[in-house]
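Here is a short report on one protein model. It starts with terms, then goes from the overall fold to single residues.

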Amino acid sequence: MLNWDLYAHSPAAFIFVMAVFGSMLASFGNVVIYRLPIMLWSDNPDKITLNHPRSSCPHCHSAIRWYHNIPVIGWLWLLGRCLDCKTHIPFRYLLIELSGAILGGVCASIFLDFSITLAAMLLALSVIINLVIYYRHRRVSGHILTFSTVLLCLFFISHYTTFLL
């Protein structure tokens, strides 16, 4: 079992682990940014969910191999291009994954606690997801994601104020 009190023993390791975890959460955020609008506003939303089908190239629709789907590393390894058709993969994917890694590291170094760091990362990433969906589609991403952001915000405020006292 992983000891989440890792910060007390090794602050650098805790920050690194949370940065990696943040990039993984942001990678899933990229899935949400791409698929949630299709699920909400498409005429045929049954063909796509958050977990099906596998990640694929937006241009040629070839499946992305698991080792190319590693946050940040996969995009850099492929130089931002699909392995099969050589079409550019949008820079936004790398940017969001890097922002997740930075958020994870910064939150870990500020809050020094796993649960508060996780809540802060989820809150910040859900705001980023909502903003990117709004920017791309000029529509609010639906009540579910907005409501979850509000709940995370309330949890974070209540937990963080207790933490400070």
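## Terms and basis

Helices (H or I, at least four residues) and strands (E, at least two) are DSSP runs, numbered from the N terminus. By that rule, Leu76 lies in helix α3.

This is a predicted model: local features need pLDDT of at least 70, side-chain atom pairs count only at pLDDT 80 or more, and totals for chains, interfaces and linings use all residues. Residues are numbered from 1 along each chain as its sequence is written, and side-chain values use heavy atoms, with hydrogens and water left out.

## Overall fold

The protein has six helices and zero strands. Along the sequence, the pattern reads α-α-α-α-α-α.

Burial is set by relative accessible area: buried means under 20%, exposed over 50%, and partly exposed in between (1.4 Å probe, protein chains only). Of the 165 residues, 35% count as buried. The protein exposes about 10,200 Å². Carbon and sulfur atoms supply 71% of that area. Accessible areas come from the Shrake-Rupley method with a 1.4 Å probe; for residues, only the protein chains shown count as cover.

A contact means heavy atoms within 4.5 Å. Take the contacts with a separation of 6 or more: residues 24 or more positions apart account for 54% of them.

## The largest pocket

Rolling a probe the size of a water molecule over the atoms shows where empty space is left. The search runs on a 1 Å grid over the protein atoms alone. A cavity is a set of points where a 1.4 Å probe fits but cannot get out; a pocket is an open set with protein on both sides within 12 Å along at least five of seven lines. Lining residues have an atom within 4 Å of a point. Grid points are joined across faces, edges and corners, and a volume is the space filled by probe spheres set on the points.

The largest pocket has a volume of about 590 Å³. Its lining holds 30 residues. Which of them lie nearest its centre? They are Ser55, Ser56, Ile64, Asn69 and Tyr93. The elements that give two or more residues to this lining are α2 (11-41), α3 (73-77) and α4 (91-111). α2 gives the most, with five residues. The lining divides into 16 nonpolar, nine polar and five charged residues. Here Ala, Val, Leu, Ile, Met, Phe, Trp, Tyr, Cys and Pro count as nonpolar, Asp, Glu, Lys and Arg as charged, and the others, Gly among them, as polar.

## From α2 to α3

Pro71 is found in the loop between α2 and α3. Buried or exposed? Pro71 is buried, because its relative accessible area is 16%. Pro71 touches Ser23, Met24, Ser27 and Glu97, not counting residues up to four places away in sequence. Pro71 and Val20 are 51 residues apart in sequence, yet 8.5 Å apart in space, C-alpha to C-alpha.

Leu76, in α3, has 48% relative accessibility, so it counts as partly exposed. Leu76 and Leu94 are 18 residues apart in sequence and 8.2 Å apart in space, C-alpha to C-alpha.

Most residues other than glycine have a negative phi, and most peptide bonds are trans. Leu79 has a positive phi of about 55 degrees although it is not a glycine. Lys86 has a positive phi too, of about 65 degrees, and is not a glycine. Leu79 is exposed, at 68% relative accessibility. Lys86 is partly exposed, at 48%.

Asp84 belongs to this loop as well. At 40% relative accessibility, Asp84 is partly exposed. Leaving aside neighbours within four places in sequence, Asp84 contacts Cys60, Ser62, Ala63 and Arg65. Asp84 and Ala63 are 21 residues apart in sequence and 9.3 Å apart in space, C-alpha to C-alpha.

The expected span of a helix is 1.5 Å times one less than its number of residues. For the 21 residues of α4 that gives 30 Å, and its end C-alpha atoms are 30 Å apart, which agrees. Leu112 follows α4, with a positive phi near 60 degrees.

Ile128 is in helix α5 (residues 114-137). Ile128 is partly exposed, at 22% relative accessibility. Apart from neighbours within four places in sequence, Ile128 is in contact with Ser99 and Leu103. Ile128 and Ser99 are 29 residues apart in sequence and 9.3 Å apart in space, C-alpha to C-alpha.
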